[in-house]
Amino acid sequence: MTATEALLAFLTPPKWPELSREAEVRSASISTRLRLGEAGLARGGGEEIEVYAWGDGPPVLFVHGWGGRATNFAAFITPVVAAGFRVVAFDAPAHGQSSGTLSSAPAIAAGIQAVDVREGPFHAIVAHSLGALASTCAQSRGVKVGKVVFLGACCWVGPLLVKFVENLGLPDEAVSELFQNSAGEFGLEEISAESVPPRLGGTAAILMHDPNDLEMPYDHSVAIA
């Protein structure tokens with residue numbers, strides 16, 4: 001496998017069957033399509049994302065993680081609507097009902113920006129895993145929100161890429177080229193949530209993370225905090 005093929009594989013999210021409870025909550029939503037305009041590798045440019053909404057009241061945006069979809073939050077949606085909020089969520093590019101084959105934190109951030117234009121400003125953002133990194137990236141690009149809740153947050157893409165490369169068993173020269181290509185494609189705020197919060201000022205945050213999380217190490221949330 002070449003460095004280019006490895007990068008494309010890294011940027012291809014997995015697909016999982018939709019659970020019956022997810023399908024049920026999706027069918028209860030009001031859904032629309034939005035086309036993203038941002039260009040570049042795995043940035044969501046030209047893709048159409050599926051946007052869902054439930055209830056009325058101050059809007060709260062839910063942002064799923066890598067390989068997920070909006071309805072992963074099925075257990076949250078009904079109680080948040082019952083609390084008097086309008087829940088808004090979307091399937092990121094190459095996820096769920098949205099178009100595309102490649103995705104990334106900046107692609108999810110582009111989705112947040114587009115949804116914010118139509119549905120915002122948001123009372124709060126609730127984000128899981130890579131969605132937390134995408135949320136801070138979107139905030140660095142001008143999305144205004146006073147409160148965030150991060151669940152099992154991802155802070156850095158780098159360690160995930162290292163683990164991915166180790167599993168592939170790429171030769172050293174391909175690994176070096178892969179990291180060079182990645183560094184040339186993505187900006188610091190797109191690969192490190194740690195670089196953004198000091199510039200946000202006034203954002204209240206709750207971070208929830210299992211110290212024994214096997215998928216996303218606990219130190220990611222510690223760094224963001």
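**Reading the terms in a predicted model**

User: Which residues of α1 meet which residues of α6, and what makes this a contact?

Analyst: Ala6, Ala9 and Phe10 in α1 meet Leu160, Leu161, Phe164 and Leu168 in α6, where contact means heavy atoms within 4.5 Å. By class these residues divide into 7 nonpolar, no polar and no charged; Ala, Val, Leu, Ile, Met, Phe, Trp, Tyr, Cys and Pro count as nonpolar, Asp, Glu, Lys and Arg as charged, and the others, Gly among them, as polar. The model is predicted, with local features needing pLDDT of at least 70 and side-chain atom pairs counting only at pLDDT 80 or more, while totals for chains, interfaces and linings use all residues. Residues are numbered from 1 along each chain as its sequence is written, and side-chain values use heavy atoms, with hydrogens and water left out.

User: What makes α1 and α6 oblique to each other?

Analyst: Helix α1 (residues 3-10) packs against α6 at an angle of about 120 degrees, and the axes are 11 Å apart. The axes are lines fitted to C-alpha atoms, for helices over the stretch in contact, and angles run from 0 to 180 degrees between N-to-C directions. Under 35 degrees counts as roughly parallel, over 145 as roughly antiparallel, 65 to 115 as roughly perpendicular, and the rest as oblique. The angle of about 120 degrees belongs to the rest, and therefore α1 and α6 are called oblique.

User: Why does Thr32 count as partly exposed, while Ala94 counts as buried?

Analyst: Thr32 has 29% relative accessibility, which lies between the two cut-offs and therefore counts as partly exposed. Ala94 has 1%, which is under 20%, so Ala94 counts as buried. Thr32 lies in strand β1 (residues 30-35) and touches Ile49, Glu50, Val51 and Arg118, not counting residues up to four places away in sequence. Ala94 is found in the loop between β4 (86-90) and α4 and has a positive phi of about 70 degrees although it is not a glycine.

User: What makes Ser129 buried, and where does it lie?

Analyst: Ser129 has a relative accessible area of 11%, and this value is under 20%, so Ser129 is buried. Ser129 lies in the loop between β5 and α5 (130-140), and its phi is positive, at about 55 degrees, although it is not a glycine.

User: How do you know that the chain agrees with a compact globule?

Analyst: With 225 residues, a compact globule would have a radius of gyration near 17 Å, and the chain has 17 Å, which agrees; the radius is taken over C-alpha atoms, and the globule rule is 2.2 Å times the number of residues to the power 0.38. Along its principal axes the C-alpha trace spans about 55 × 35 × 35 Å, and buried residues make up 46% of the chain.

User: How many helices and strands does the chain have, and what makes a run count as one?

Analyst: The chain has 9 helices and 7 strands, where helices (H or I, at least four residues) and strands (E, at least two) are DSSP runs, numbered from the N terminus.

Terms used
Buried < 20%, exposed > 50% of the residue type's maximum accessible area, 1.4 Å probe, protein only.
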